[in-house]
Amino acid sequence: MTGYYLIIGVSMLISWWVSSRLKSKFEYYSNVHLRNGLSGKEVAEKMLRDNGINDVQVISVPGQLTDHYNPTNKTVNLSEAVYMQRNAAAAAVAAHECGHAVQHAVGYSMLQLRSKLVPVVSISSNLMQFVIMGGVILMMASGNKIVLLIGVIMFALTTLFAFITLPVEYDASNRAMKWLKDTGTVTTEEFVGVKDSLTWAARTYLVAAIGSLAQLLYFASLLMGGRRD
């Protein structure tokens, strides 16, 4: 299992670095105050109105970077800082989450696919590590690969979910940036901060997807009779 722990270590290191860069970017652009004086809540409400969406509520939730769109109850959930602050970072996050609301409203196919996979992926993610570890032990003890095969299939579902998430997140950011720029909600200088913030946010999803794929390939190699070190 040395190879597995190496993959995990490298993935965690890269993920930590990207997350650290993201946090530093948001801290920096939190000091770039919007000339129009709009708060994250007001930016979100304006974007929703401009896209003809009147049945989505913008609410505040506790925590940091806890922002998300909930398609079930149609709420744009903004962390307390984003909800109240009036800076480029808050505008970026608020508009991005509204980008998901727009995707929902127009029936964006990748968002619909991701939503359908949520129940299955939730079960798989909770059980797959136990199934895979048990499968590896059983394979080494008796050569039986059935349990490991099941574990790899479960892991493949979570990896697929991670890659489906990428276009969903990138599309939401593109919708956010286009709206912010086209409507003049942010100035040219403020837009630089918005774009940089969303770019680093997207990279966290990219790193997670690549890390998941690397782990999947490792377990698949065990299943196919690769090295078992």
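**Rings and cores**

Mentor: Ring pairs link Phe 155, Tyr 218 and Phe 219 into a cluster. Keep in mind that this is a predicted model.

Trainee: How is the pair of Phe 155 and Phe 219 arranged?
Mentor: The two rings are tilted, with 50° between the planes and 5.9 Å centre to centre.

Trainee: And where do those two sit in the chain?
Mentor: Phe 155 is in helix H6, which covers residues 146-182, and Phe 219 is in helix H7. They are 64 residues apart, so the pair links distant parts of the chain.

Trainee: Are Phe 155 and Phe 219 buried or exposed?
Mentor: Both Phe 155 and Phe 219 are buried.

Trainee: How many aromatic pairs are there by the ring-centre rule?
Mentor: The count comes to 4 aromatic pairs. One is made by Trp 17 and Trp 200, whose ring centres are 5.6 Å apart. Their planes are at 75°, so this pair is edge-to-face; the cut-off for that class is over 60 degrees.

Trainee: Which helices does the Trp pair tie together?
Mentor: Trp 17 belongs to helix H1 (residues 2-29) and Trp 200 to helix H7 (residues 188-223), so parts 183 residues apart in sequence are tied together.

Trainee: Buried or exposed, for Trp 200?
Mentor: Trp 200 is buried, at a relative accessible area of 8%. Trp 17 is partly exposed, with 46%.

Trainee: What lies over the face of Trp 200?
Mentor: Arg 203 does, at 4.5 Å from the ring centre. Elsewhere, Arg 175 has its charged end over the ring of Tyr 108, 5.6 Å from the centre of that ring.

Trainee: Switching to the cores. How many residues are in the largest nonpolar core?
Mentor: It has 39 residues. Among those with the most contacts inside it are Val 43, Leu 48, Val 76 and Leu 180.

Trainee: Which elements supply at least two residues each?
Mentor: H1, helix H2 (40-50), strand E3 (75-79), helix H4 (88-106), H6 and H7. H4 gives the most, with 11 residues.

Trainee: You listed Leu 48. What is it in contact with, leaving aside neighbours within four places in sequence?
Mentor: Leu 48 is in contact with Ile 53, Val 56, Val 58, Val 76, Cys 98 and Ala 101.

Trainee: What does the second core include?
Mentor: That core is separate and has 15 residues, including Ile 132, Met 139, Leu 216 and Leu 222.

Conventions: Residues numbered from 1 in each chain as written. Predicted model: local features only at pLDDT ≥ 70, side-chain atom pairs only at ≥ 80, totals over all residues. Heavy atoms only, no water. Phe/Tyr/Trp six-rings, centres within 6.5 Å; stacked < 30°, edge-to-face > 60°. Helix = DSSP H or I, 4+ residues; strand = E, 2+ residues; numbered from the N terminus. Buried < 20%, exposed > 50% of the residue type's maximum accessible area, 1.4 Å probe, protein only. Lys NZ or Arg CZ within 6 Å of the ring centre and 35° of its normal. Core = buried A, V, L, I, M, F, W, Y, C linked by side-chain atoms within 4.5 Å. Contact = heavy atoms within 4.5 Å.
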